[in-house]
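This report goes through a few local features of one protein chain. Please look over the sequence and the structure before reading on.

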Amino acid sequence: MRADAEVEPGTLLVAAPTMFDPNFRRTVVFVIDHRDEGTLGVVLNRPSEVPVDEVLPSWGEHVVEPQSVFVGGPVEKKTALCLAALRTGETASSVPGVIAVRGPVALVDLDADPDALMPKVRGLRVFAGYAGWDSGQLAGEIDRGDWLIVPALPGDVLATPKRDLWGQVLRRQGLPTALLATHPGDLQRN
């Protein structure tokens, strides 16, 4: 069985404490698509200083706090992706302008009318760029111990940077995985 067999849209890839790649250190990646050809996701816990209304004026007032673009990953940083958490009772198939990812989380068509969409969503977040892996690449990184695969909660895509999403996701996994949340990050500071 491949190491990435548990990865599916709507799961989280949580960087292991031993992940030192600066693009992914202490990150939480929400998987949008996973298939034999590769995997696509966005980093949920990397806000930028750029307000959404500077790059997507019609969407700026609609995104959750902070109303900034998040750095979705190192690939195609000029490409914008938007995730929404739909309101209870709404499904992606009944909401125009969105594509289902998993459960109440959907990918938003940024060419859609935000005013028409807003009554149907709990919140939106815009990402610049994405994290991508070619066929077999993610499985190799999981085998190496770079990533933990855990279930996502719909609120994860809207988490405020004031929360330590990386630590919070690890803590809710139970023991022994929860202990990883106490890793100091820089062992020289321990």
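The model is a predicted one. In the chain, G136 belongs to the loop that lies between β9 and α3 (137-143).

In sequence, G136 and D4 are 132 residues apart. In space, the C-alpha atoms of G136 and D4 are 8.4 Å apart.

## Aromatic pairs

How many aromatic pairs does a search of the whole structure find? The search finds four. One of them joins F24 and W147: the ring centres are 5.4 Å apart and the planes stand at 75°, so this pair is edge-to-face, as the term applies to planes over 60 degrees apart. F24 and W147 come from distant parts of the chain, 123 residues apart. F24 is in the loop between β1 (11-15) and β2 (28-35), while W147 is in strand β10 (residues 147-151).

Are these two residues buried or exposed? F24 has a relative accessible area of 9% and is therefore buried. W147 is buried as well, with a relative accessibility of 4%; the cut-off for buried is under 20%.

## A second pair and the cluster

W147 also pairs with W133. Here the ring centres are 5.9 Å apart and the planes are at 90°, so the pair of W133 and W147 is edge-to-face. This pair, too, links distant parts of the chain: W133 is in strand β9 (residues 121-134) and W147 is in strand β10, 14 residues apart. Both W133 and W147 are buried.

Which residues make up the aromatic cluster? F24, W133 and W147 form one cluster.

The relative accessible area of T27 is 0%, so T27 is buried.

With what is T27 in contact, leaving aside its neighbours within four places in sequence? The residues are L13, V14, A15, V43, N45, R46, W147 and W166. W147, listed here as a contact of T27, is also a member of the aromatic cluster with F24 and W133.

## A charge over a ring

A further feature involves R125 and F70. The charged end of R125 sits over the ring of F70, at 4.0 Å from the centre of that ring.

How values were computed. Residues numbered from 1 in each chain as written. Predicted model: local features only at pLDDT ≥ 70, side-chain atom pairs only at ≥ 80, totals over all residues. Heavy atoms only, no water. Phe/Tyr/Trp six-rings, centres within 6.5 Å; stacked < 30°, edge-to-face > 60°. Helix = DSSP H or I, 4+ residues; strand = E, 2+ residues; numbered from the N terminus. Buried < 20%, exposed > 50% of the residue type's maximum accessible area, 1.4 Å probe, protein only. Lys NZ or Arg CZ within 6 Å of the ring centre and 35° of its normal. Contact = heavy atoms within 4.5 Å.
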